[in-house]
Amino acid sequence: MKDVLQAESPALAVTEDARHSRGAIGRLVAVREAGIFGALVALCIALSLASPYFFTLRNVFNVLQGMSTIGIMAIGMTIVLIAGGLDLSVGSVLAVGAVLTARLMTYVGVNAWLAAVAGLGAGLAFGLVNGLLVTRARIIPFIATLGTLSVGRGLAFLLATGPAGVASNVPMRDAGVGFLGAGYVGPVPMPVILMLTLDVIAALFLANTVLGRQIYAVGSNARAARLCGISVERVLIFTYVVAGGLSALAGIVSTGLLSTASTNLGQGIELDVIAAAVIGGTSLSGGEGSVIGSLFGAAIMAVVRNAFVLLGMPLHLQTMIIGLVILLAVGLDLRRR
Amino acid sequence: MLRTRHQLVVTVTATLAVSAACRDAPASHAGRPPNAPAFASAGTVPDEGKVLPVAQRPGKPLRIAVLGLESSPFWIPVKAGVQRAARELAGRGVTVDWIVPGELHTTEVFGRAIDAAVAKQYDAIATIAGDAGVAAYIDRAVRAGIPVATYNSETDTPNERLFFVGAESYTQGKAAGALMCRLVGPAGKVGIITGFFAVEAHQARVKGFEDALHADCPRSVVVGRVENQDKAEIAYQEAKDFMTAHADLGGMIAIAGSPFGAAHAVEEVGKAGKVHLVTFDAVDETMDYVEKGVIDATIGQDPDAQGHDPAVRLYNYLVAGQLPPYGRLLTRADVITKVNAAQFRAPRS
Amino acid sequence: MTPSPNVERVPNATGGPLLLEVTGVHKRFGGVLALRGVSLGIRAGEVHALVGENGAGKSTLINILAGAVRRDAGRVVFAGREVDLHSPAQSQAAGIAVIHQELAVLPTLSVAENLFMGRMPARAGWLERRAMRAASRDLLAQVNLDVDPRVTISDLSLSQQQLVEIARALSAGARLLIMDEPSSSLTDHETRRLLELVRQLRTKGVAILYVSHRMAEVFAVADRITVYRDGAYVDTLETAATTAEAVVGSMVGRALVAGLPNEHRHPTETILELRELRRRADARSGAYVALDGVSLTVRRGEIVGLAGLVGAGRSEVARAVFGADPVDSGEILLDGHQVRFRTPADAIRMSVAMVPEDRKALALFLEKPVRWNVTMVRLPALARAGVVRRARERALVLEQVERLRIRAPSVETPVRALSGGNQQKTVLARWLITRPKVLILDEPTHGVDVGAKAEIYALIRALARDGVGILLISSELPEVLELSDRIVVMRAGRVAATLDRSEADERLVMLHATGASV
């Protein structure tokens, strides 16, 4: 062996590059997110110039709090997308988690925290069903989760049906669980703390664990992943369970914020969540993406929506602008590659 | 193969022709009666919500279908009104069925439901008719001899319905606008949270609101118009944004569903009584904030009467040919405040 | 020893008007010269076989005649006129039809719609279904196929679908029908039916170019046989005046590669044994058997070459052993113990490794860094409590990069940016760090440059010296002959022969692979 190798070209061919000499945090914010972060900063500077109210502590926390539901859900959605899947049912899971928690608390009288755990469990179970439909029943993710989107919404209506027989908002007035949505730690709203914490945990998980890397592998090349001994089915199911759990959690948080679980909670939100991930650089064809990027994506959308009100934008701009942001972000991302 | 297909087509065509003829020929009530009130004539009647069934009894048992929704708490008092009518008519051998054909008020859902009610041979139908497309289905039912009343919301497209029971969005908006002017003063700043930019009724309320506001307070300013898609969490965020952007904001109006999100924001920021909030309808969540004084006023539309009156008036027409004085029976635009809140609380069961 | 391009030789020694005359056709794909001035002459109304090893240039010529690939140089004369063949439409209009190995039917449409796709009979935009159906019946009768034209084509067997394609070609006025490995997915009975049809079409004046490496079929139907080797024309023979052995001799041509003695290795202990593995490829139709009772052994430190033509079932053996495909019956023994791998993960746990064919589709995560690609299988062992230990990972990857001389700007470079050889070395590194007992290599040097190829050969030998049992699949006979201690030749899902290194040469392997010896 040695003879052949030595006959070949000289010394070791690998050269160092600067990227991997960084620490764990440095790796998290790799080049990929720098572009979208730059766009966010530019947008914020522009808005600060346009409105004196934008860059106030209060407004910044307002925006962060406003994006927390989408932000928390975008973590799960990003993980599903990285593995090459898609979850359209997140909005319905959000409502099921919220309404079930509120119902158990208010109508059934279960201990508030137990009720929240049950709501979370319902989200995880929903994710499991999605995962099984996609892997065992081999229904493509778009169709499988389109189905559970409707089933979930129906379930939310059923759970919210009050004594008068009409679907209603279910009140939830527990200070403890409500703190998750409405509480503050110092000046920082609790949902913001939750969102940022979960995002960092997810980013560390994806970057540093075996399972995290297997998620990327499955999305990048599922056939190769299988031949590498990865249980593709189990990885996919895991991602849907995570997305379901985070959606339910987001539901409980937003219920806490308003003290009420509405049946229309999160209706149509799946598209915003997907948009956040896509703006953040996650590929719909799998294998690429980061939860930090998705958070920036959600932030961009939240800042734009904030600007609707701050700048008093006319309605046609309000409806058009989010779409333009998506096209711009994805277009720039394609150019960059 | 080809032949069988031709035969099939012929058979189907024939069947359709026969059934159409059957439906057209013998119906005694076919078409809108000549003495029916003009489609667009409008007014408020004194017996709103209290109209009684006439003394006559029908020659045979009658069945009346009321088509509505259950997807939001607004419908709780409507349904209660229908059930009240059902109880009043039960003694006269009349069945009133409350039917929920779907989750949305679209033509697709309600058109199909009207067709189904005709097929089930109901003697009269009351339906919501917010979309223009529903008009064609109403006309088809009426031509088949089944009188139709509309309630809650109806399209401007003229059709053969007998009468409508409900609020007029523009008028409601005007009431809110006049009220807002009094709350915020002559040069107040006001933010508008509508339901959907694309929904006609919501935009009519906005227009009525702005017309009245500017007429009464010419120096007032509308600082922005946004939609909350009937969602509490969006209303919450938008209300916060309005208050951030305009420290001197005088008031906000929440036009459509889930206005309590905005109320929650006002309460949280501690501006109750400083930022005046006007909303519509009297669902429980809204009423909580009215009682707390966070929502200054909410504009009611007598949902109980909207559920109750159509069934009873249809009965009166069927057995006695009795017709109401207007095409549009406009329900009261009650101004509900902390003071009178108790009498507008939806009945708790 | 490669034959010189033989342009001046007219491959029509015994007269008769030529329908198709190909002369001096060249084609280059990147750095590879696929065709080097090949010729071909087909007479009107003859069945002409084109034979050659894998990579002889048959497919390239077919694609040129089909209009799918443009030639770089050379002349094609069809029916007396020089033709361009710049597009499939031109080729079809000229009267050339190709029945590809992978059929080109529209699976959700009916038989009749498939027959008339693109030229359905219509009046004022309305399909004339009845006329179409009647015409379909006539066309199907021409190929001896009795099915209802209204059935969906995917409900037919592969053999029937193939007949529909032939009928479609005939109805489009084909004068030359090119059939590329037409029997590869057919049963014996279906193959006989197909050959019968071929003879029948010849009597109707249709010329047929029958491309196959199955000698029995070639000798059963062909009037003449043209042999290509390494992209060059070798010879055209009258079937009646030659033998299968002579044809195979022309196909192989080169002198026997003198294999280096595999020094110091005397493998004895059996590490892998397959007993009567069977598997149907298509469970639904059940028509095509992928593995038909394969038995073989691999000993510790032994390199067993698995030879055979494309479609003989070599990769299917590899996938079955590795747990990538299920088997219907048979046993796999590892170290003398029966094992049943339901997934590749099971095989990996038992120290079996497989470098699959087609590395881009089946092995690499192209957008991901080299580091990542190397450690994907071994990752769980590099982690503590599920968290990858980066320093260890990097050290391991750098060690492999050095050992295998993987040339990349950095271990963080996406593997897409690497050359084919370095990509393949990355895949090899992935499996080397698992320290396999059995290593299956499926076309390990495909698309790899000469230098990397030598390195990979040295690596394979070194692994065998260390006691790894190696099953080597390769379409390059010299490679198999050079590396293997024993050679198992496969044909049609069966083991056709097992040859010792000392007795094997290319001719013998090809005789068994093509079935010319039986």
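Modeller: Let me begin with a definition: two residues are in contact if their C-beta atoms, placed from the backbone, lie within 7 Å. Axes are lines fitted to C-alpha atoms, for helices over the stretch in contact, and angles run from 0 to 180 degrees between N-to-C directions. Helices (H or I, at least four residues) and strands (E, at least two) are DSSP runs, numbered from the N terminus. With these terms, helix H1 (residues 58–65) of chain C lies across E1 and E2 of chain C and runs at about 65° to E2(C).

Colleague: And what about the numbering and the model itself?

Modeller: This is a predicted model, in which local features need pLDDT of at least 70 and side-chain atom pairs count only at pLDDT 80 or more, while totals for chains, interfaces and linings use all residues. Residues are numbered from 1 along each chain as its sequence is written, and chains are lettered from A and ligands numbered from 1 in the order in which they are written.

Colleague: What is the strand order in the open sheet of four strands in chain C?

Modeller: The order is E2-E1-E4-E5, with antiparallel pairing; two strands pair if DSSP finds at least two bridges between them. Strand E2 (32–43) and strand E5 (81–82) of chain C stand at the edges with a single partner strand each, so one side of each has no neighbour in the sheet.

Colleague: How many bridges join E1 to E4 there?

Modeller: Five bridges join strand E1 (residues 18–29) of chain C to strand E4 (residues 73–78) of chain C, and the two run antiparallel. Leu20(C), for example, has Phe78(C) in E4(C) as its bridge partner.

Colleague: What holds paired strands together in general?

Modeller: Strands of a sheet pair through backbone hydrogen bonds, either parallel or antiparallel.

Colleague: Which order do the strands take in the open sheet of six strands in chain B?

Modeller: That sheet has the order E8-E7-E9-E10-E11-E13, with mixed pairing. Its edges are strand E8 (221–227) and strand E13 (335–336) of chain B, each with a single partner strand, so one side of each is left without a neighbour in the sheet. Strand E7 (residues 189–194) of chain B pairs with E8(B) in the parallel sense over six bridges, and Ile193(B) stands opposite Val226(B) in E8(B). Helix H7 (residues 232–245) of chain B lies across E7, E8 and strand E9 (251–254) of chain B, at about 165° to E7(B).

Colleague: Turning to chain A, at what angle do H6 and H14 cross?

Modeller: The axes of helix H6 (residues 90–108) and helix H14 (residues 269–279) of chain A cross at roughly 120° and come within 7 Å. H6(A) and H14(A) are therefore oblique to each other; angles under 35 degrees count as roughly parallel, over 145 as roughly antiparallel, 65 to 115 as roughly perpendicular and the rest as oblique.

Colleague: Which residues make the contact?

Modeller: H6(A) contributes Val90(A), Gly91(A) and Leu94(A), and H14(A) contributes Ile269(A), Glu270(A) and Val273(A). They divide into four nonpolar, one polar and one charged. Ala, Val, Leu, Ile, Met, Phe, Trp, Tyr, Cys and Pro count as nonpolar, Asp, Glu, Lys and Arg as charged, and the others, Gly among them, as polar.

Colleague: How many residues does each chain give to the contact of chain A with chain C?

Modeller: The contact takes 30 residues from chain A and 38 residues from chain C. On the chain A side, helix H1 (2–7), helix H11 (210–220) and helix H12 (222–227) each supply at least two residues. The largest share of that side, six residues, comes from H11(A). By class, the side of chain A has 13 nonpolar, nine polar and eight charged residues.

Colleague: One last topic: is Arg405(C) buried or exposed?

Modeller: Arg405(C) is buried, with 20 other C-beta atoms within 10 Å. A residue is buried if 20 or more other C-beta atoms lie within 10 Å of its own, exposed if 12 or fewer, and partly exposed in between, with C-beta atoms placed from the backbone. Arg405(C) lies in the loop between helix H13 (390–404) and helix H14 (420–432) of chain C, and has a positive phi of about 55° although it is not a glycine.

Colleague: And where is Arg435(C)?

Modeller: Arg435(C) is in the loop between H14 and strand E21 (438–442) of chain C. Its phi is also positive, about 50°, although Arg435(C) is not a glycine. Arg435(C) is exposed, with 11 other C-beta atoms within 10 Å.
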